[in-house]
Each structure stands twice: as C-alpha cells, then as structure tokens.
Amino acid sequence: MIRTKHPIRSVCAAAISLLQLVQARVPNDSLFQYQWPLKNTGGQLCQGCTVNKVGADMHMEQAWDITTGDSSIIVAILDTGCKWRLPDFAGRIWINKGEIAGNGIDDDGNGFVDDVRGWDFHDNDNDPDDIDGHGTSVASVIGSATNDKLGFAGVDWKCKLMILRDGQGDNGLLNNSAKAIRYAIKMKARIINISRGDTGAVLSTEYKDAVAAAIQAGIVVVAGSANDGVEKISVIAQLPGVIAVGSTGPDDRRAKGLNPGSVPSNYGDRLDLVAPGDYIPVLDISSAEPYNQMASGTSMATPHVAGVVALLLAQDPRRTPAQIRDILCSSADDLVGDPLEDTPGRDKYYGCGRVNAYRALSQVGGIRPLPPSLRQKLNGPIEALNLFTVDGRRVMKSVPAYGIKSFTFTEP
Ligand SMILES: [Ca+2]
Ligand SMILES: [Ca+2]
Ligand SMILES: [Ca+2]
Ligand SMILES: [Ca+2]
C-alpha cells in the first residue's frame, strides 16, 4: 500500500514540472508592468486612453518561454537614428567587428570609414545619434536592454540593433534610405524596420530596387501602413514582399484617433496584420527623464512585429521572408477587434489579425499561402509620430496636448 504512493508522487511531480516548463517568463525590468503590448493586465493606462483589455497583447511572456532571441540576429532600423548611449540600450547596439574605431581607415572595406555602430546616411558620418526621438522610440520597442532591472523590456531580448539614420523627422530623403538598405544587405542584417508611412510619395527605382534586393537576400522588411485612418497603404508597405503593419490600441481595436493621443491607422486589402501602436511606453529623448512618455502610430506597431520576427529567426534562421509573413499571418489572432471591421478571416482593417508572438513561435510548419495583394491608389502625407508626456505636455506633432493623470512610472 505504501509503495503505491511513490508512483503517484512521481506523477504529480512530473505534472508540476511540466506546468513549470510552460509557465510564463517574466522579465525584471522596472517598467514592464506598463508595457501593455507585451502583457496587457487591463489596468488603466492613462486618462483619455482607450480602455485596456486583459489579454489584448502579443502574449510575450509565453513566447519568451520558447525563445528570448539570439544575438546573431541583426535588426536594421532605418529611422532618425538612436540615442544609443542610453543605459537601456546597453549591449543591444550592433557593433561592426570588422572596423577599427577612429583610425580614419575603412578597415573592413565596405565603403564606410570607421562605421563601428552603423551609419548616419543623413549627415554622412559614423554616429547615427538621434536628435528627433522617433528612431530612439522605435529601437526601444524592439530591443531595450531586457531583464536588466531597468526601464523597459524589448520584444526581443538579444538581437542586435543596427542603427541606420536615413532621415530627420519628416524630412528624410528616400535616396538616403536606399543607401541604408544596401548597407543593411552588405552587413548581413536579417530584418529591416521601416517605421515610415508615406502614401503620397513616388518611390525611386533606386529605392524599390534596394527593397527588392533586401528581400531577395533573405531580409524580412517590415513597414507601417501610415497614419491617416483611411483606406490607403503606405507606398513602402505595399512593395512586393514587405510586411505591412497597421496599429491597434490597448482594447485590441484598430487605432482610429478617436481618443486623445490615439493616431488613426491606415488600412486596405494589402495590409498583412496589425500590432499594438497606440499609447506605447517608449524611450524618449526630449528631456532628461527618458521614461515618462508614450507614443502612438503605425511607427510603433511596426517594431513590435519586427521584434517578433527577430524571435522567429532566432528560432529558425533558415526561414525566408515569405515564410515569416505566412507564419505571422496564420498565427495572428482573428476576431479580437471591432466586430464590424474584424470579420472572420482576413479583412482589410486588421489584415490577418493582431500579431501573437506565442502562437507564431508555437507554429512550426503548417504554413499556408496568402492571397495575392491588390494594388492601391495612393495619395497622402508622410506619417508623423505622436509622442506625448504623461503630464500632458506635448512634445511632437499630430494631436493637441491633454492631461494624463494616472500613468506614472515609479522606480521600485
Ligand atoms: Ca568600414
Ligand atoms: Ca576604421
Ligand atoms: Ca530594460
Ligand atoms: Ca478578421
């Protein structure tokens, strides 16, 4: 009789250890609790925000139990640069190991002198620092130093951020971007993040060729759908093979700009999927305190997807851009948004649905092809990031100031 207890105990112990195997991995970053895109606990985010919905998130805690990333995966960020000296980027910035700093020599022969940490294609120098703030915010979503007890967690904990400054605010020239894409190809990036939504621009052959070459080289290119709230997808996001990303809020619905601080998300048949983009806690450079602001727009949705792509490539670096897009699409959460827009299956407002990192990483095989994309007629302004403070001080662009009283970051 007594002996039979041992097997039962063993079974119980095995069941407990199995439960422990699938439990969530929670980073110790001090402000993780505010990062609703990673885990949405439903708490109030800010005054005037859309209501937070429990589970309206990318399911990162479960995803990180599968992988937290790989330091060999390089994510190129084409943006306004990055305030890479911030402590919450420690260890995350890509370093060109073939280049010796400060000797005035192009040691690795890639055509750029002393390009130790990316390149500034706007000023044509080797310091892709950020004086705008947009690129820093984007970079913080993908790859804030994670599990370092400080500030934010990134979607990916280990990938390296290749900082390629190709513009300054809205004045970036796309011919700088084409050069930056060529650099990313040459220096073996696996992902290119383009948080830029231009529905009116005529893209140069140089630019289109560079994007096509990147995808041909196996680079996953992710771009935002643009921020006008209309049925027009950015000319960049609709290039063949590019993953087109729209924006949702903490209620899992498409961002419509109806509440203060919300920035409306463009939609259309070419949209691939949506990701959290409204009210995103981000690193900010407008004051000495980098942790008191949120940002909204498809600019913020795009790096959430880029971060998940980095995890998918960490899981299997052989995956092609088309396979990555199919995995993201077939694993996205359908029917979580506004029922009038998020109809069963793919729709023009949510694409395949809201990105779900855990389901994406759980889905080994089972890839299904996507329907061919439709061409869209294009017109409209270049997108802007709406960055605002918790106390209502307007920092940049787009919407009027408003007061947020309940959103306060506190260091433990
Ligand atoms: Ca060089
Ligand atoms: Ca050098
Ligand atoms: Ca951190
Ligand atoms: Ca749907």
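## Exercises on a predicted fold

Helix H4 is followed by Lys-188, whose phi is positive, near 70 degrees. Helices (H or I, at least four residues) and strands (E, at least two) are DSSP runs, numbered from the N terminus. This is a predicted model, where local features need pLDDT of at least 70, side-chain atom pairs count only at pLDDT 80 or more, and totals for chains, interfaces and linings use all residues. Residues are numbered from 1 along each chain as its sequence is written, while chains are lettered from A and ligands numbered from 1 in the order in which they are written.

**Exercise 1.** Find the order of the strands in the open sheet.

*Solution.* Step one: the 7 strands run E2-E3-E1-E4-E5-E6-E7, with parallel pairing (two strands pair if DSSP finds at least two bridges between them). Step two: strands E2 (119-120) and E7 (273-276) each have a single partner strand, so one side of each is left without a neighbour in the sheet. Step three: look at E4 (residues 191-194) and E5 (residues 220-224), which pair over 4 bridges; here Ile-192 has Val-221 of E5 as its bridge partner.

**Exercise 2.** Compare the span of H4 with the expected value.

*Solution.* Step one: H4 has 13 residues. Step two: the expected span is 1.5 Å times one less than the number of residues. Step three: from first C-alpha to last, H4 reaches 18 Å, close to the 18 Å expected.

**Exercise 3.** Work out how many residues of helix H7 are buried.

*Solution.* Step one: a residue is buried if 20 or more other C-beta atoms, placed from the backbone, lie within 10 Å of its own. Step two: in H7 (residues 321-331), 8 of 11 residues are buried, including Pro-321 and Ile-324.

Note on methods. A residue is buried if 20 or more other C-beta atoms lie within 10 Å of its own, exposed if 12 or fewer, and partly exposed in between; C-beta atoms are placed from the backbone.
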